[in-house]
Amino acid sequence: MTKKKAIIWDGNVRDAALTILLAVDKNQAYSNLLLNQTINKYKIEAKDRALLTEITYGTLQHKYTLDFYLEPFIRGKIDLWVRWLLRLSVYQIVYLNRVPDHAAVNEAVEIAKRRGHKGIASTVNGILRSILRQGIPSIDEITDPIKRLAIKTSHPEWLVQRFIEAYGVEKTTEMLHENNMPPIQTVRVNTTKATVNEVLALLEKEHIEAKQSNVMPECIHLINGQASRTQAFKDGYITIQDESSMMPANVLHPQKGWRILDMCAAPGGKTTHIAEKMGNEGSILATDIHPHKLDLIDENSARLGLNIIETAPVDGRKAAQVLPAESFDAILVDAPCSGLGVMRRKPDIKYTKREEDFESLHKIQLELLDNAVQVLKPGGRLVYSTCTIDREENEGTVKAFLASHPEMELADIENLPTALLNKGQGGMLQVFPQDFGSDGFFVAAFRKKLLR
Ligand SMILES: C[S@@+](CC[C@H](N)C(=O)[O-])C[C@H]1O[C@@H](n2cnc3c(N)ncnc32)[C@H](O)[C@@H]1O
């Protein structure tokens with residue numbers, strides 16, 4: 001096993017960014033988790049927090065573009081850490097107007113001296129100064145249009161090709177650019193405790209600038225501040241959740257008193273939303289394959305003051321063997337997926353996904369749905385959701401599922417604002433990141449027929 005390198009905070013933002021980027025690369029760690037852990041562990045102040053976030057995310061998001069810029073200037077082999085140091089320095093030079101070029105270069109040289117030796121520092125200095133003198137190469141001169149788009153937006157070529165085949169050049173181009181934009185910070189109001197206006201007032205008292213979304217009514221956009229640090233969060237008035245992720249609980253449309261199964265529930269973002277929608281009346285069984293993740297659901301329920309959620313470790317692919325047949329009024333299968341809709345939040349995803357992953361995910365998704373049907377009451381509602389925009393995992397899974405389950409039919413997507421309903425088609429709804437600035441997300445609604 002690779003030994004994790006400790007992140008030591010000595011007040012140097014670039015050095016911390018470099019350590020995070022290296023850990024993401026070497027240990028396949030998630031950038032968002034590592035960044036938050038670093039910020040919380042070392043109590044990094046707001047000013048440094050913003051720069052650390054910007055440099056870490058920006059460098060990761062533009063990795064392939066930065067490599068294209070660096071390529072003509074690098075001779076021979078360089079260590080991985082030196083490459084990441086060069087990438088994050090070129091990121092500042094090209095994308096961050098507020099960082100003077102000489103500051104980016106000087107910082108890089110100092111880090112190279114500390115982490116390596118004088119020789120490496122002089123190589124880093126030479127490369128960065130040559131870039132400043134000669135300028136970066138032009139992406140527009142790449143003749144192959146797919147390669148050009150891939151380098152410009154920093155996505156793997158095979159993925160760009162896959163998106164173009166599914167959605168055409170225009171939509172794909174918009175999406176690839178949107179993937180490099182900073183995500184909007186959104187929270188969901190716990191409607192069992194307060195109204196949106198009451199929560200806005202609480203946030204204002206904490207000097208947080210915020211506004212109600214004009215898409216999902218229970219969603220608030222934070223303009224500044226950090227939601228997880230607010231008293232409103234600690235007191236259970238809000239849940240940190242992307243706006244698209246607020247769709248499944250609405251589409252499930254649970255009623256007070258219903259018995260619900262949330263099959264892939266951890267960490268409980270949607271389970272708690274369902275409980276809020278039910279006014280905390282009824283019962284929800286929240287299952288997940290990973291027992292250790294169930295604690296997170298319990299913690300979230302307790303923080304939000306919800307007491308109708310029971311948790312259990314269940315592999316959804318075997319749910320029908322352990323749960324009573326035809327016993328749930330409605331079921332949510334928020335399936336494991338490729339996550340291609342959340343590349344803004346987790347840019348590492350675009351570099352680590354492999355084409356063969358889609359086939360195995362599609363298979364798991366079908367197994368989960370197969371089991372869900374067996375424990376769903378006749379007339380019951382089933383919602384399938386993913387945070388991906390991949391056709392095979394979305395429409396592909398729905399089509400294959402319906403083909404092997406004549407007792408199921410697509411049901412209307414309901415209980416969403418008109419802007420979203422308009423995007424739905426025949427029981428399915430695909431949201432792209434560029435549509436509302438939320439994550440790419442897919443929802444399908446089914447009904448189990450009464451007569452067989
Ligand atoms: C997209 S995440 C769920 C997010 C969650 N619904 C929420 O809103 O907070 C998918 C979840 O499926 C779980 N999972 C993966 N394979 C599973 C299986 N075979 N059975 C049940 N859960 C599974 C993962 O552990 C992960 O927590």
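Me: What makes up the domain assignment of this protein?

Reply: In this predicted model, the assignment gives domain 1 (13-137), domain 2 (141-178), domain 3 (185-240) and domain 4 (244-448). The C-alpha centres of domain 2 and domain 3 are 36 Å apart.

Me: Which residues does the UniProt annotation cover?

Reply: The unreviewed UniProt entry places "domain: SAM-dependent MTase RsmB/NOP-type" on residues 175-449. Over that stretch the chain is 35% helix and 24% strand, with 37 Å between the end C-alpha atoms.

Me: Why are H3 and H5 called roughly perpendicular?

Reply: Happy to walk through that one! Helix H3 (residues 46-61) packs with helix H5 (residues 80-95) at an angle of about 100 degrees. Angles of 65 to 115 degrees count as roughly perpendicular, and H3 and H5 therefore belong in that class. Their axes are 9 Å apart.

Me: Which residues make that contact?

Reply: H3 brings Ile55, Gly58 and Thr59, while H5 brings Arg87, Leu88, Tyr91, Gln92 and Tyr95. By class, four are nonpolar, three polar and one charged.

Me: How do you know whether the peptide bond from Ala266 to Pro267 is cis or trans?

Reply: Look at omega: the value is near 5 degrees, and the bond is cis. Most peptide bonds are trans. Pro267 sits in the loop between strand S5 (259-262) and helix H13 (269-277).

Me: What makes Asn280 worth a look?

Reply: Its phi is positive, about 60 degrees, although Asn280 is not a glycine. Most residues other than glycine have a negative phi. You can find Asn280 in the loop between H13 and strand S6 (283-288).

Me: And the ligand: how many residues surround it, and which are the closest?

Reply: The ligand is surrounded by 17 residues, and the closest are Cys264, Gly269, Lys270, Gly316 and Asp334.

Technical notes: Residues are numbered from 1 along each chain as its sequence is written. This is a predicted model: local features need pLDDT of at least 70, side-chain atom pairs count only at pLDDT 80 or more; totals for chains, interfaces and linings use all residues. A residue is near a molecule or strand if its C-beta atom, placed from the backbone, lies within 6 Å of it. UniProt positions are given in the numbering used here, feature names are shortened, and annotations may be inferred rather than shown by experiment. Helices (H or I, at least four residues) and strands (E, at least two) are DSSP runs, numbered from the N terminus. Domain bounds come from an automatic or database domain assignment. Axes are lines fitted to C-alpha atoms, for helices over the stretch in contact, and angles run from 0 to 180 degrees between N-to-C directions. Angles under 35 degrees count as roughly parallel, over 145 as roughly antiparallel, 65 to 115 as roughly perpendicular and the rest as oblique. Two residues are in contact if their C-beta atoms, placed from the backbone, lie within 7 Å. Ala, Val, Leu, Ile, Met, Phe, Trp, Tyr, Cys and Pro count as nonpolar, Asp, Glu, Lys and Arg as charged, and the others, Gly among them, as polar.
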